[in-house]
Amino acid sequence: MHKMIRKITLSLGRQVSSMAHGATQVRRLLHGGYVRILPSVQEALVEGRAVVALESTIITHGMAYPLNLSMAREVEEIVRANGAVPATVGILRGQIHVGLTDEELEFLASSKNAVKVSRRDFPFVLSQGLSGGTTVSGTMIVAHKAGIPVFVTGGIGGVHRHGENTLDVSADLTELGRTPVAVVSAGAKSILDIGRTLEYLETQGVCVAAFGESREFPAFFSRQSGFQAPYHVQDEEEAAKLIDSALGLGLSSGVLIAVPCPQERAAQGQAIEEAIQQALSQARSKGITGKDVTPFLLQKLTELTDGKSLDSNLALIQNNARVGSCIAVALNKLQKARRKRSQPGQKDMTAPQPVVIGGINVDFIAKAQNPEILGGGQTNAGRVRRTFGGVGRNLADCLSRLGQAPLLLSAVGKDEHLESVLHYCHHMDMSGVLQLEGESTATYCAVISSAGELSLGLGDMDIHQQITEQYVSQFKENLCQAPLVCIDGNVPLSTIQYVCQLAREHQLAVCYEPTDENKASKPFLSDSWKALTYISPNLQELRAINRTLGNPVPAELPSRLEDAVQAAVALACPLLAHLQCVVVTLGAHGVLLCGRSLGGSISLHPGAHKQLNGRNPCRGAC
């Protein structure tokens, strides 16, 4: 036994260090703090509804205030009216926003110093805390990272006239070649070299299709460019099938759907061409180059055509929003239908989810800089950071990262923390989380010495009592179908007893996380605990559980690993008459898995212990 424990000790030391490093890398990747998703957009993404990404350079650089603001509002409303959720992408004070509030739209629309942000600009703009509008390229990057497959804009950039000499080629084209997002636009801007733009898109491997009755590739203000698109889709359904095929192949390149400006509002090609040549001449004489060219030319065209180009601009943007949102809805239906067909044995299109019931916390950790913490109301130098926790939330987070998509049943307040919680948990199914008016999201503040020892802890956890039996019972069908139910000790005793009763009646696999020493014994105050499958206490909580059951417990808990493992095995064995296994967390020493021996190992299958009652003694392994 001593040799086995020594071997476990060495193995745990190596594995704990490796796992901690990997977990830190994943957390940094997913929670770098660069992106904020508007709750309404996040909700739509979680629920699998159609979302349409919208750019913001047209707001910051394409039109003057307040016309740009009214245009942005109208476009969002058109997207909503056609059954999708708008997600205008922009950068505010160094943070990428996916979806903007009306106040944020107005901020960008009226900003005098907004930056035009493409792929190359993100690092600088974010690091300097600047605000800006995202170009087609910039918006595609953000939309792809947020999981939004359809993006609507006015017109894409392209190869500028005389680009064979200047090498002035928009980053929109290279982005279309390497980012799998469908862009719905009125073709390329007519101020560009359309022929060379189409050639460049071909080189980048971008599938380009004209939308509607003609294969004519539109030129922004004009329905005719004199060039044919390689392909042609008649309507939203055909466009959605094309996009679905491109995404399904995993080509890592985008799709361009070119939508002509409405006939009744289209500008005459010849008049526009003459104005373009005049505007280009003025741009050259003024020495205007690079990303400043397009805003200058669009403004000049408005002046030279007495506003007709602006009327066409507004009409095509609104039309693109209508067509693009209909395409997004059609694509969404296609994807849902395919998922349903891939699971013919199920009534629902999704597999049963694990269910996690427990707390969500916002934690504030204050660590003192100096060894001595001064009292008497004095301010101590230190560092304060905010993190997001709660045992239930942590369990749901881990299961989500393992690809299990659990349903989290919890409660938060509609307060200043709500938006941050939803953003941080954007990768999780939060549809079962109560959002309560007049209640405070659970918060915890820990004051830690410079040596890392807890000096003081304050918690406001009252909202956990709102995770009631009555609320949880609304999800009875989810619970009864769940392959695993996890519940933490934060929830009321009656809720725990209700879940245990369901487990007994429907043979459910239930894991109980005791949370802390004072809450650990909740299920063990009655026979409810016998319906549990797994528990995951630390050594202190395991002792408290045994004390509640009237089992003998040690007065002092050992600190040496070998002694701690022996104590854990002794305390776990009495529980294994009814539990499948006991997972004992041993802090820095790692984790000990205790269960009944099955052929020299431990089975995690929920039914295995029923075959072993009264036979083999318990076994510990890591």
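**Why is it called that?**

Q: What does serine 521 touch, leaving out residues up to four places away in sequence?
A: Serine 521 touches Ala544, Ile545 and Thr548, where contact means heavy atoms within 4.5 Å. By the way, this is a predicted model, in which local features need pLDDT of at least 70 and side-chain atom pairs count only at pLDDT 80 or more, while totals for chains, interfaces and linings use all residues. Residues are numbered from 1 along each chain as its sequence is written, and side-chain values use heavy atoms, with hydrogens and water left out.

Q: Why is serine 521 called buried?
A: Its relative accessible area is 11%, and buried means under 20% (exposed is over 50%, partly exposed in between, using a 1.4 Å probe and protein chains only). So serine 521 counts as buried.

Q: Where is serine 521 found, and how far is it from asparagine 546 in space?
A: Look in the loop between strand S20 (510-513) and strand S21 (534-535); helices (H or I, at least four residues) and strands (E, at least two) are DSSP runs, numbered from the N terminus. Serine 521 and asparagine 546 are 25 residues apart in sequence, and their C-alpha atoms are 8.6 Å apart in space.

Q: How do you know that glycine 413 counts as buried?
A: Its relative accessibility is 0%, so glycine 413 makes the cut-off for buried. This glycine is in strand S15 (residues 407-413) and touches Leu418, Leu436, Glu439, Ser440, Thr441 and Ile463, not counting residues up to four places away in sequence.

Q: Why are serine 252 and alanine 405 called partly exposed?
A: Serine 252 has a relative accessible area of 41% and alanine 405 has 45%, so each value falls between the cut-offs for buried and exposed.

Q: What makes the phi values of serine 252 and alanine 405 worth a look?
A: Phi is near 65° for serine 252, a positive value in a residue other than glycine. Alanine 405, also not a glycine, has a positive phi near 50°. Serine 252 is in the loop between helix H11 (236-249) and strand S11 (255-258), while alanine 405 is in the loop between helix H15 (391-401) and S15.

Q: What makes H21 largely enclosed by the rest of the structure?
A: Nine of its 12 residues are buried, so H21 is largely enclosed. Among them are Leu561, Glu562, Val565 and Ala572.

Q: How do you know what span to expect for helix H21 (residues 561-572)?
A: Take 1.5 Å times one less than the number of residues. For the 12 residues of H21, 16 Å is expected, and the helix reaches 16 Å from its first C-alpha to its last, close to that value.

Q: What makes a set of residues a nonpolar core, and how many residues does the largest one have?
A: The members are buried Ala, Val, Leu, Ile, Met, Phe, Trp, Tyr and Cys residues joined through side-chain atoms within 4.5 Å. The largest such core has 99 residues, and Ile156, Phe217 and Ile257 have the most contacts inside it. Helix H14 (residues 308-341) gives the largest share of this core, 10 residues. Apart from it lies another core of 50 residues, among them Ala411, Val510, Ala520 and Cys594.

Q: Which kind of bond joins tyrosine 65 and proline 66?
A: A cis peptide bond, with omega at about 10°. Proline 66 is in the loop between helix H3 (57-62) and H4.
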